[in-house]
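Dear colleague,

Please find below the structure that I am handing over to you. My findings follow directly after it.

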Amino acid sequence: MGLIRGKNDKIDARRICDFTDKNEQDLILWKPCSETIKKIKVLFSERNSKIKLKSSLLKQRVLYSQLEEMNIDSKLIKMNKKEVKLLEDHIAFLEAEIEKLIESDEDLSCKKKNIQSIPGVGKVVSWIIIAKTEGFTKIDNPRKMACYAGVVPFGYQSGTSLKYKPKVSYYADKSLKSILHMAAMRAVRLENDLKEYYERKIKEGKNKMAILNAVRNKIIHRIFALAKNGKSYEKNYINSLNM
């Protein structure tokens, strides 16, 4: 706005109109997600909360060993096991409902199957990707998704005096990043090209966490490629354009 003087509702309204007129060409129209996606998001969020509760209950068992002298440890453990079992039943129910919703949509079902063909990518990764991208409509670019998930390193430099090592941003979806990390850990243990890439970089002396971050990035790009092309993962795929 440049140098401004004074402020009231009329002036603010004029400034908002000017800003809107100036940036109208950059606006992205908002579209509501489908009912199926809405339900998947709610169920997945509920599943995450149940898993956190289960994890908390399992941690409590460690403390019960300190209560043997009071003779109440066995009762507490019994109660704890009942609560954990109930939560496991709830989690299983929620997961079945998520699967049912995805299978009811032909497009989402096809994309889920193709995504799960990637080494290290299981049902949870496919669910969260479908939910976060709203069926690859809200986020349709792997680079945007990689930024959103916090797996892209950014450089910090100003002139010749200020230069830092590239780092991933703190502004990321931590739950998505954690799930992708688990997928990368599984992928480098299976026989596939991601494991070969990981071992090659280890021999070159690269940092293990940096390599795993690169694997996470590669998984995201493969997920979007398969979702776009409607194909399953092929280990020894040869691009006909390079022949």
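K195 is buried in this predicted model, since its relative accessible area is 16% and the limit for a buried residue is under 20%. This lysine belongs to helix α8, which covers residues 193–203. Its side chain forms a polar contact of 2.8 Å with the side chain of E191. When neighbours within four places in sequence are left aside, K195 is in contact with A187, V188, R189 and L190.

With a relative accessibility of 31%, K41 counts as partly exposed. Leaving aside neighbours within four places in sequence, the residues in contact with K41 are A131 and E134. K41 and N8 are separated by 33 residues in sequence, and their C-alpha atoms are 41 Å apart in space.

I turn next to the packing of the helices. Two packed helices are described by the angle between their axes and by the distance between those axes.

Helix α2 (residues 35–64) packs against helix α5 (residues 123–133) at an angle of about 130 degrees, and the axes are 9 Å apart. The two helices are therefore oblique to each other. The crossing of α2 past α5 is left-handed. On the α2 side, the contact is made by I37, I40, K41, F44 and R47, while α5 contributes V124, W127, I128, I130 and A131. Eight of the residues in this contact are nonpolar, two are charged and none is polar.

Helix α5 also packs with helix α7 (residues 174–187), here at an angle of about 145 degrees and with 10 Å between the axes. This crossing, too, is left-handed. The residues of α5 that take part are V124, V125, I128, I129 and K132, and they meet S175, L176, I179, L180, A183 and R186 of α7. By class, the contact of α5 with α7 comprises eight nonpolar residues, one polar residue and two charged residues.

Finally, helix α4 spans residues 106–115, and its buried residues are L108, S109, K111, K112, N114 and I115.

With kind regards

How values were computed: Residues numbered from 1 in each chain as written. Predicted model: local features only at pLDDT ≥ 70, side-chain atom pairs only at ≥ 80, totals over all residues. Heavy atoms only, no water. Axes fitted to C-alpha atoms, helices over the stretch in contact; angles between N-to-C directions. Helix = DSSP H or I, 4+ residues; strand = E, 2+ residues; numbered from the N terminus. Parallel < 35°, antiparallel > 145°, perpendicular 65-115°, else oblique. Left-handed = near helix turned anticlockwise from the far one by under 90°. Contact = heavy atoms within 4.5 Å. Nonpolar A, V, L, I, M, F, W, Y, C, P; charged D, E, K, R; others polar. Buried < 20%, exposed > 50% of the residue type's maximum accessible area, 1.4 Å probe, protein only. Polar contact = N/O pair within 3.5 Å; in protein donor to acceptor, adjacent residues only side chain to side chain.
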